[in-house]
Amino acid sequence: MILKSVASIGLGVLVALTAATSGFAQTVKIGSKNFTEQFVVAEIYAQALEKAGITVERRLNLGATLIAHSALTNGEIDLYPEYTGTALAAVVKGDLSGSADKIYKDVKDYYEKNLQLTLLEPTQINNGYAIITLPETAEKYKLKTLTDLGPASKELSFGAEGGFGERKDGLPGLKQVYGIEFKDFRIFAKLGIRYSALTSKNIDVSYGFSTDWQIADSNLVVLDDDKHLFPPYYLVPVVRQDALAKNPKIADVLNKVSPLLTNEIMRDLNAAVERDKKEPKEVAAEFLKEKGI
């Protein structure tokens with residue numbers, strides 16, 4: 001009896017150690033860029049994976065696109081939320097024209113062939129750029145489209161984060177496609193300043209995203225991208241292939257989450273954090289609970 005009990009205890013310890021080792025080996029490091037939507041979506045990913053029994057380490061607020069991308073390729077993180085149009089412009093440096101499906105495929109093929117990364121199923125969030133201005137500015141210069149903005153731009157100031165001045169789908173693209181050259185480009189060190197700068201009239205034009213709640217709240221005018229400069233920007237989990245090989249459950253879990261995320265839902269989630277001052281972790285938990293995950 002005593003020997004049997006000791007053997008049972010030994011077996012139990014061995015099983016516990018094996019489980020702990022297995023859990024450690026399966027730890028998934030999740031990163032994000034440095035703005036609200038990324039914090040919320042990364043938290044949704046993290047909590048969904050944790051609910052599926054996967055140990056998660058959060059490395060959020062890494063920085064802009066190329067910083068997060070570098071962390072992924074270097075193995076500092078295993079996955080983060082990215083946008084197909086952003087990946088195409090900043091990493092692949094490919095042709096920005098094309099359908100959402102084509103752009104997804106082009107990015108996925110490039111990532112798998114050259115970077116040992118892969119794209120999982122995309123969400124329904126298409127967080128494309130929106131060039132925005134105040135109603136009075138639009139009325140004064142008769143602005144409805146980005147073509148209209150071309151001739152007027154030399155009298156107007158533009159404000160954005162520094163990276164927008166260098167991207168193919170940023171100021172260089174606006175100049176090439178629409179002939180837009182602002183009289184002044186004011187670079188903001190922090191995200192979110194552009195909305196307050198615009199509404200306080202420190203700048204005349206800026207950009208937003210389709211999931212920004214502030215556009216409707218501030219009654220801002222979105223100028224139509226009538227020549228289709230901006231590609232689709234569908235939000236998608238980008239994952240290291242070696243992480244997927246170690247734990248295929250990552251794909252199963254996140255592919256069930258992605259179809260639940262839409263532009264309308266994302267606007268509400270962003271507003272809950274930025275306007276209503278909730279924590280991204282809390283907002284993510286409420287979303288998953290509501291969706292039955």
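# Exercises on salt bridges and a helix contact

Lysine 102 and aspartate 106 stand four residues apart in helix 5 (residues 100–115), so about one helical turn separates them. The exercises below concern a predicted model.

**Exercise 1.** Determine how close the N and O atoms of lysine 102 and aspartate 106 come, and classify the pair.

*Solution.* Step 1: the closest N and O atoms of lysine 102 and aspartate 106 are 2.7 Å apart. Step 2: a salt bridge requires a side-chain nitrogen of Lys or Arg within 4 Å of a carboxyl oxygen of Asp or Glu, and lysine 102 and aspartate 106 do form a salt bridge. Step 3: lysine 102 is partly exposed, its relative accessible area being 39%. Aspartate 106 is likewise partly exposed, at 28%. As a general principle, side chains of opposite charge can pair when their charged atoms come close.

**Exercise 2.** State which residue forms a salt bridge with aspartate 184, and at what distance.

*Solution.* Step 1: the partner is arginine 186, and the closest N and O atoms are 2.6 Å apart. Step 2: with 26% relative accessibility, aspartate 184 counts as partly exposed. Step 3: arginine 186 also counts as partly exposed, with 35%.

**Exercise 3.** Locate the two residues of the salt bridge between arginine 275 and aspartate 217.

*Solution.* Step 1: the closest N and O atoms of arginine 275 and aspartate 217 are 3.8 Å apart. Step 2: arginine 275 belongs to the loop between helix 13 and helix 14, whereas aspartate 217 belongs to helix 10 (residues 214–217). Step 3: the two residues are 58 residues apart, and the pair links distant parts of the chain. Step 4: arginine 275 is partly exposed at 44% relative accessibility, and aspartate 217 is partly exposed at 49%.

**Exercise 4.** Describe how helix 13 and helix 14 cross.

*Solution.* Step 1: the axes of helix 13 (residues 263–274) and helix 14 (residues 280–290) come within 9 Å and cross at roughly 145°. Step 2: the crossing is right-handed. Step 3: helix 13 contributes Ile265, Leu269, Ala272 and Val273 to the contact, and helix 14 contributes Pro280, Val283 and Phe287. Step 4: sorted by type, the residues of this contact comprise seven nonpolar, no polar and no charged.

**Exercise 5.** Give the number of salt bridges in the structure, and name the residues linked with Glu50 in a network.

*Solution.* Step 1: the structure contains 17 salt bridges. Step 2: Glu43, Glu50 and Arg58 are joined in a network of salt bridges.

How values were computed
Residues numbered from 1 in each chain as written. Predicted model: local features only at pLDDT ≥ 70, side-chain atom pairs only at ≥ 80, totals over all residues. Heavy atoms only, no water. Axes fitted to C-alpha atoms, helices over the stretch in contact; angles between N-to-C directions. Left-handed = near helix turned anticlockwise from the far one by under 90°. Contact = heavy atoms within 4.5 Å. Nonpolar A, V, L, I, M, F, W, Y, C, P; charged D, E, K, R; others polar. Buried < 20%, exposed > 50% of the residue type's maximum accessible area, 1.4 Å probe, protein only.
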